[in-house]
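Welcome, and please open the model in your viewer. We will go from stop to stop, selecting a few residues each time.

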Amino acid sequence: MVGPSVTDKAPVALLVLEDGTCFSGRSCGASGETFGEIVFNTAMTGYEEVLTDPSYAGQIVTMTFPHIGIYGANTQDMESRGVFASGLVVRALSSIASNWRAEETLPEFLKRQGVVAIEGVDTRRLTRRVREGGAMRAVLSTLDLDPASLHAKVLASPSLVGVDLAGSVAASNTYAWGTGSPAGSPLPADTGAAPATMKYRVVAFDSGLKYNIARRLAEAGCEVTIVPPTTSAADVIALSPDGLFFSNGPGDPAAVAYLYETLRALLGTRPIFGICLGHQMLSLALGATTYKLKYGHRGGNQPVKNLITNTVEVTSQNHGFCVDFGSIGPLLPWDSEGLTHDPNDLAAWVDSGVGPVVQSAAHGRVQLTHVNLNDMTVAGIRALDVPAFSVQYHPEAAPGPHDARYLFGAFTRLMDGATDMFSKSDGE
């Protein structure tokens, strides 16, 4: 039995898209007016982790599952120091919480965090509108209820293209995870204790780091030092790390030039693992270009083919930009099992079961390792002549499936000096 939604006595709220489409509903969070790119997430659970994921900065999130908030909210499921999503759109928001872990209802959480939210929206219609029209700016308001006025405000609002949002959500100081960490305990209760001896020292660049990423690194035996994204390569090397981690984060990757230039300076000095924005940073450092997807990938059910182990992973993703693999450099057929498909014809490489290899002008050979099977876009790469790899999704599973947790083991194998950190048993 699901709980009742917010009553019809709640104030009216309006959602207006860049194309002029207007959706009316009821306020179910804080009062106010908020702007952002309208996006949709297909996950059935994990709404608190979504809201507190810094990668959602600048975005109004639509949950496609129709009933949200059933299990309430609690401090343990926070993935950062607060809510970074600009707003929330749902079909129905539960006004009660039915879970022993709940500390408050989701409407209470939204109000306390100052998040403008709307319920009563036909989220299927809204999702179709975004899929057909592509990413759009939007405004969500409980104050201005004039659609024409709101549409004018949307058209005057900035887009995410060319905007560096990473610096606005990242840590402003260096700290050691588990001691000065704002998240408290380095591991959640359901994963046991961290290893008694931390074997590896890892520096993690925070461009929107989720707490569970640091937890998983600690679980893999890593002593994690978290640094702001503006930290210089020299300052990082001075910390004597065994490996470097580049986190997820919001916004246009091409606008975060300082971070991928730092990564470029660090290539070859230490093993590197990047996820999401970190994947885009590694790709840009290797010579790739990026482009904006029509409406992005957001949800916990994105199928990805691992071309190295020939397995399929169900992954959690949240990104609106993608890497152009062929832009890194020319195809190397000899290293691609003799095949000569277009490097950007990813469907052909998936059908062949081969990860193509291209030549980076400055950093040697780069191999495509993972492909998103929904739209045949790049989901992972690895450098073959320097120790570095990355994926365009969230292996820490908060929220999401656990298929990709093996990547933390791949990172430790890379720090151990393995020339091929992927194992054929990974993901099985």
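pLDDT is the predictor's confidence in each residue, on a scale from 0 to 100. You need it here, as this is a predicted model. Colour the chain by pLDDT to begin: the average is 92, and 93% of the residues score at least 70. Now select residues 183–192, where pLDDT stays under 50. The model gives this stretch 17 contacts beyond four places in sequence. Where pLDDT is low, the predicted coordinates should not be read in detail.

**The barrel**

Next, show the strands. Follow S1-S2-S8-S6-S4-S3-S9, in that order, and you will trace 7 strands closing into a barrel with mixed pairing. From one strand to the next, the twist averages 35°. Zoom in on S4 (residues 59–63), which runs parallel to S6 and is joined to S6 by 3 bridges. Select Thr 62 here and you will find Val 89 of S6 opposite.

Then select helix H4, residues 147–156. Helix H4 lies across strands S1, S2, S3 and S9, and runs at about 45° to S1.

**Helix H2**

Move on to residues 106–113, which form helix H2. Which residues of H2 are buried? Select Leu 106, Pro 107, Phe 109 and Leu 110 to see them. These residues lie on the same side of H2, because they cover an arc of only 160° around the axis. Just after H2, stop at Gly 114, which has a positive phi of about 75°.

**Salt bridges**

Side chains of opposite charge can pair when their charged atoms come close. The model has 15 salt bridges; here are some to select.

- Lys 292 and Glu 37: their closest N and O atoms are 2.8 Å apart. This pair links strand S15 to strand S3, 255 residues apart. Lys 292 is partly exposed, whereas Glu 37 is buried.
- Arg 215 and Glu 79: the closest N and O atoms are 3.7 Å apart. Arg 215 is in helix H6 and Glu 79 in the loop between S5 and S6, so the pair ties together parts 136 residues apart in sequence. Relative accessibility is 7% for Arg 215 and 2% for Glu 79, and both count as buried.

For the last stop, select Glu 33, Asp 144 and Lys 153, which salt bridges with shared partners join into one network.

Notes:
Residues numbered from 1 in each chain as written. Predicted model: local features only at pLDDT ≥ 70, side-chain atom pairs only at ≥ 80, totals over all residues. Heavy atoms only, no water. Buried < 20%, exposed > 50% of the residue type's maximum accessible area, 1.4 Å probe, protein only. Helix = DSSP H or I, 4+ residues; strand = E, 2+ residues; numbered from the N terminus. Arc of directions from axis to C-beta. Contact = heavy atoms within 4.5 Å. Pairing = 2+ DSSP bridges. Axes fitted to C-alpha atoms, helices over the stretch in contact; angles between N-to-C directions. Salt bridge = Lys/Arg side-chain N within 4 Å of Asp/Glu carboxyl O.
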